[in-house]
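Below are some notes for a first reading of this model. Please keep the structure open while going through the points.

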2 protein chains.
Amino acid sequence: MFESAEIGHKIDKQTYSIQVPELRASLVEAQYELNEARQFPVIVVVAGVEFAGRGEVINTLNEWMDPRHIQVHASRAATSVELEYPTLWRFWQDLPPKGKIGMFFGSWYTPLFRELANGNKNTADWERAMERIIRFEKMLADEGAVIVKFWLHLSQDALKKRIKKLGKHAETKWKVANLDPGIVKNYQSFKSLAESVVIESSRAHAPWIVVESSQPKFRNLTVGTALLQAIRSRLKHGHTHSITSVAPIHQPLDQLGLLDTLNLDCALDRNDYKQQLKHHQGRLHRLAHHKKFQDLSVVLVFEGNDAAGKGGAIRRVTGALDVRQMKIHPISAPTDEELAQPFLWRFWRRLPRRGRIAVFDRSWYGRVLVERVEGYCGQDDWMRAYSEINEFEEELSEANMLVIKFWLAISKDEQLKRFKEREHVRFKKFKITPDDWRNREKWDAYVRAVNDMIDRTSTAQSPWVLVEANNKWHARVKVVKTIADRLEDALR
Amino acid sequence: MFESAEIGHKIDKQTYSIQVPELRASLVEAQYELNEARQFPVIVVVAGVEFAGRGEVINTLNEWMDPRHIQVHASRAATSVELEYPTLWRFWQDLPPKGKIGMFFGSWYTPLFRELANGNKNTADWERAMERIIRFEKMLADEGAVIVKFWLHLSQDALKKRIKKLGKHAETKWKVANLDPGIVKNYQSFKSLAESVVIESSRAHAPWIVVESSQPKFRNLTVGTALLQAIRSRLKHGHTHSITSVAPIHQPLDQLGLLDTLNLDCALDRNDYKQQLKHHQGRLHRLAHHKKFQDLSVVLVFEGNDAAGKGGAIRRVTGALDVRQMKIHPISAPTDEELAQPFLWRFWRRLPRRGRIAVFDRSWYGRVLVERVEGYCGQDDWMRAYSEINEFEEELSEANMLVIKFWLAISKDEQLKRFKEREHVRFKKFKITPDDWRNREKWDAYVRAVNDMIDRTSTAQSPWVLVEANNKWHARVKVVKTIADRLEDALR
């Protein structure tokens, strides 16, 4: 979920100084329209990593807009009176009326995240608090509120840098004077717990928008733009029960996606390839015959651009395995029987037993890739698929299934080269169809779908593994090595 | 939730023998239309109290319909293979395809109810399992499935009778030969836990229908009719995301409501009244000055027919209390400020602190009474209000607030008498308005709304107290006594 908020999103100074005045004017305009219509309130939650600039964001928005129509609710501990009431009571008091904007720095999530920082989760109380929040937001949404939740993210490195920088300047030194060392030390575990909260509480009617916050310009502009879009969209479309109008998928302002950060040309020469492949295949073979492997099952998912080399990679994996313990499932269009069932049904029936490995050559992600791009299902359907898929994979993980997902990425040029090769080499001709050429025309739409997919379905338990695949040898080794590494971890 | 399934619903033999052939024909017809359209599957869950006849209901439906298009999934323990998979895996295997009906005797709820029978709830695992079920059903509904869940209910007495009857006959004796005595002994605690499950998992897209099962004829006919309605409604309206078309409120077949079971004329003579009132007011006064009362707050809700004597009853309560510790909130039309907020907001802001008592003369139940009947809010809104109210009151209970809700019921004749008296007695004239006469014309609509309200919002923690109020003296004593009793319990 947080991967694409760790890739160094940036906005240059000039763009910023051009865009901000425009954005401010539009925000104030929207604010006035909102205030005049008095049809719905706007609820903004700002949460995120410590030092990511939650306060700054709220200050900036207040500066940009008319602060008379914004109510800011800062973070603070509950008073003794508030402790006498149900936990949500104080937030009920603070709800903005229709026509106004309420910004919550300290929100209903604050106690949850505090518990996480202390390493507490998965208690019955915690689960109930979470469930309560989800119902609370559902109720607000049903009552017409526009809810936008920002998660301001910093990678561990960015966090360290920020702390160092604050310590350097006399005016900001105090902020880090009594720094809790746990903030940096426990970063990874906090991040993965926070991620699970963000995923679980991202509902269509109250989505989290994850914002990389290493550069304040990018952060502020992203938050302002997203808020503007949310208000405008509701002013325009009104309050419908449909998901479509409320669940935004945000294109990053700098147009930079996770895929853009890959160096697709990672190279490996033939000799190294042969040697490394042999080594990792050997590891994989031994691990799959480990005694404890009988308590485990493995689900391998291969997705990637057309001609990215999925088949070749799969053969290198299966070559290291015993045919009796594994099965390959090539996934194409669903059968009649499958069409008469929920879309995940055909994957449920192909799940491996303990001690077995299932290889999916394309998978349930078709829903948010080809079906989205080609319009085979409605936006409502592919939007809800993200959380259904996360839920599905979580169920698998809990049942001791190891889910490893690969995206094999090649460049547009490399694809062209391979397509042409396929047309000219006789034994490869069967691999290229008019469909492939048609898909290629939708390259940009696919890139966007892939970025969204990775953002929304890469979880701590089953992260996407992005494989730079312009060099097939590099790709194959990375795939086999990753599986061996993950298995080694799981069997430890 | 289960109250109106304990009032002895019955269908006479003749009605049954006339209605069954008609129902069967319609069911088979609907089944064929469903099968031809192949647009959605129908998922029927049958659960309930032990011995309530879950198996019989499924057998009856199979007899009434074409069993070739019904898949029955019986209750059984998971096999060793199934244990290797996620818990929902076996149910995924059993899902009916579009056009078919799947009946689940043993369903995804079975493990949950089994845990309840053992007294386990509120563990993190249990909460997660519940959350998973809710998401599973949401996904099925989003994929188009019609989901109908029946809770077959027996009161404790009816259960005892059933067991006794089974033991009497040679052919059924075996059913109770190795009876677990806990089934009767732990009935009350199982019932209140089961109720909370039924409330929590009753969503608009997958509602529970509670069916009194003391008489098999009533039970079978109710289940058959509800199933028919659910299928027909979808065939007619298609799959919309709106709540309205899917969340049924079922009028009982025998037209008998909880209110009908009250003996409104409970009498009390003047001397007994004076003496008993004094006694219970004394108790109430002492309890409200109990040391432990400082850790508690009390929310009293008064609802009732117009002229049922709410004001008089409230005065008898407050007469026993210290004015400094209590506050009366007469609830009428919301202010502008309140209209700009979610409907529960105006009640949240009136909640009492610890050691205080808030008396609501009319309350948040206006949403499902006057607002429903007069059409001040849409059906979607009042339908979701039931669960929002339950959630609200649960939050209050968890924060140590005692919620006591009274419905003061008078007969239509008694109301007329009182209205006329109000018109003729000078100092009572202010109490009667043209509105009262208009409301009276909608008597039947109100009766239905009240019955639904009690069915859906009477919970183990905050049950509705129905007060027979044709005799004011009886009503007042019952109100004061009930509050004293509940307080005594809470302070123990």
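How many residues does the contact take from chain A and from chain B?

1. The contact takes 43 residues from chain A and 43 residues from chain B, two residues being in contact if their C-beta atoms, placed from the backbone, lie within 7 Å. This is a predicted model, in which local features need pLDDT of at least 70, side-chain atom pairs count only at pLDDT 80 or more, and totals for chains, interfaces and linings use all residues. Residues are numbered from 1 along each chain as its sequence is written, while chains are lettered from A and ligands numbered from 1 in the order in which they are written.

2. On the side of chain A that touches chain B, the elements giving two or more residues are helix H4 (89-94), helix H6 (124-142), helix H14 (345-348) and helix H16 (379-398) of chain A. Helices (H or I, at least four residues) and strands (E, at least two) are DSSP runs, numbered from the N terminus. H6(A) gives the most to this side, with 8 residues.

3. By class, this side of chain A has 18 nonpolar, 7 polar and 18 charged residues. Ala, Val, Leu, Ile, Met, Phe, Trp, Tyr, Cys and Pro count as nonpolar, Asp, Glu, Lys and Arg as charged, and the others, Gly among them, as polar.

4. Within chain A, the domain assignment (automatic or from a database) gives domain 1 (3-253) and domain 2 (260-491). The contact between them takes 13 residues from domain 1 of chain A and 13 residues from domain 2 of chain A. On the domain 1 side there are 6 nonpolar, 5 polar and 2 charged residues. The C-alpha centres of the two domains of chain A lie 34 Å apart.
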